[in-house]
Amino acid sequence: MTELIARDQATLRANDRGGYTVPTSRLYPFQWNWDSAFVAMGWATFDAPRAWEEIELLLRGQWHDGMIPHIVFHAPSNDYFPGPDVWRSEHTPPTSGIPQPPILATAARAVLAANPEGEPRMAAIFPRLLANHRWWERARDPDATGLAATLHPWESGMDNSPAWDAALRRVPTDTQTPIIRRDISHVDAAMRPRDDEYRRFIHLVDLFRETGWNPARQYAASPFRVADVATNAVLLRAERDLLALAARFGTPADSQEIGARIERRARAIGGLWDAARGLFLARDLVGDAPIRVSTSAGFLPLYAAATTPEQTASLAETYAHWARACAWMIPSTDPTDPAFEPKRYWRGPIWSVVNWMIADGFAAAGRRELAALIRAQTCRLTERSGLSEYFDPTTGEGLGGAAFSWTAAVDLLLRTPAPA
Ligand code: DGY
């Protein structure tokens, strides 16, 4: 085992809180949904029972209606705001009340591939995943358009992306909940969302809590309603993985249902393509218009196998255009866009998980050299700057939280050959 693999494994062990992995200590002291899905795949490279446990503990937070919340508060901590007292979601263990990009079916399939003996555990997990995918359709796409709506920037996982600026401005800044930011006592405020954004984030939490966490009422009440490219691409990819699992763990009717959703979703993602930019764009569902901001999420339909050969070629050109403007790839915002900020969270920095998904997509679409380049550069970043939460694309400097679990997990996936 190389020193770097040992470092990655030790980081996951250090962030293990007894069956679930915190993203990093202090800044994020609970179990986060999409973090844990990546982390489960990372655990599966060296400790399969622990990988299954990661998924099973996340599912302890699943609501009766199928929603898997973005945070499960397994144990109390004063290091994070907003905690369970703000969400008041009436679930045991306490949870937040909003989802995150649903990568779990993909993770479960990957864990099973690494550990075929885990089949009985997978059989117990499958119905929970199916219920979750049904929730996405029912709660977030009531008109069956094929695009799932995102009602809170935190749901996208890309909280302060400039893609959300205009839609977020519709959200008032007043809150019932007093805002006590804990994040900026752990990390430099210049690397985090601004106060103004936090006020709007919390306004939405207050609004959703007042609906009694009723999905239809939230959908109707939210002034922020967008079709996020990342969420929809991750969901489509997860549907494809769920379909593969359904052949073994579900019924023919399940497969038919999932297959129909896949067709709808693939068609709808195609509608987000912007040929002039050579990138997929999010859509504002309130104003019913494309959001003309280029972000790394715009490459992710590759990861969902939802691009035509022409779109793949055009995305490779867009990649090359960005690469001429910054030393390290892939920045979260187009480095030539005036909104690009190389150190501020999702407004410019590189995130390993996004690189991993885009590389996976380029490889599956036949662009193996480009995929290898992205993977090699992602590994070089952690060699140089450690397992940071994110990286400055102009300098390669590590930013945000240190000893970060999903950065370690992706590093393991990149450095450990997949099982034959
Ligand atoms: C945070 O608190 O920064 C998270 O991104 C919200 O889940």
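This is a predicted model: local features need pLDDT of at least 70, side-chain atom pairs count only at pLDDT 80 or more; totals for chains, interfaces and linings use all residues.

Me: In which loop does R26 lie, and what is its phi?

Reply: R26 belongs to the loop between α1 (3-14) and β1 (31-32). Most residues other than glycine have a negative phi. R26 is not a glycine, yet its phi is positive, at about 70°.

Me: Which residues surround the ligand, and how does their shell divide?

Reply: The ligand is surrounded by Y28, W32, H70, Y80, W154, D159, R192, Y198 and Y345. The shell divides into 6 nonpolar, 1 polar and 2 charged residues.

Me: How much of the ligand does the protein bury?

Reply: A side-chain N or O atom of Y80 is 2.6 Å from an oxygen atom of the ligand. For R192, the distance from a side-chain N or O atom to a ligand oxygen atom is 2.8 Å. Taken alone, the ligand exposes 230 Å², and of that area the protein buries 95%.

Me: Is helix α2 mostly covered or mostly exposed?

Reply: Helix α2 spans residues 33-43. Its buried residues include W34, F38 and W43. As 11 of its 11 residues are buried, α2 is mostly covered.

Me: Which residue does a cis peptide bond join to M329?

Reply: Most peptide bonds are trans. Here the bond is cis, with omega about 10°.

Conventions:
Residues are numbered from 1 along each chain as its sequence is written. Side-chain values use heavy atoms; hydrogens and water are left out. A residue is near a molecule or strand if one of its heavy atoms lies within 4 Å of it. A polar contact is a pair of N or O atoms within 3.5 Å; within protein, one must be able to donate a hydrogen and the other to accept it, and residues adjacent in sequence count only if both atoms are side-chain atoms. Accessible areas come from the Shrake-Rupley method with a 1.4 Å probe; for residues, only the protein chains shown count as cover. Ala, Val, Leu, Ile, Met, Phe, Trp, Tyr, Cys and Pro count as nonpolar, Asp, Glu, Lys and Arg as charged, and the others, Gly among them, as polar. Buried means under 20% relative accessible area, exposed over 50%, partly exposed in between (1.4 Å probe, protein chains only). Helices (H or I, at least four residues) and strands (E, at least two) are DSSP runs, numbered from the N terminus.
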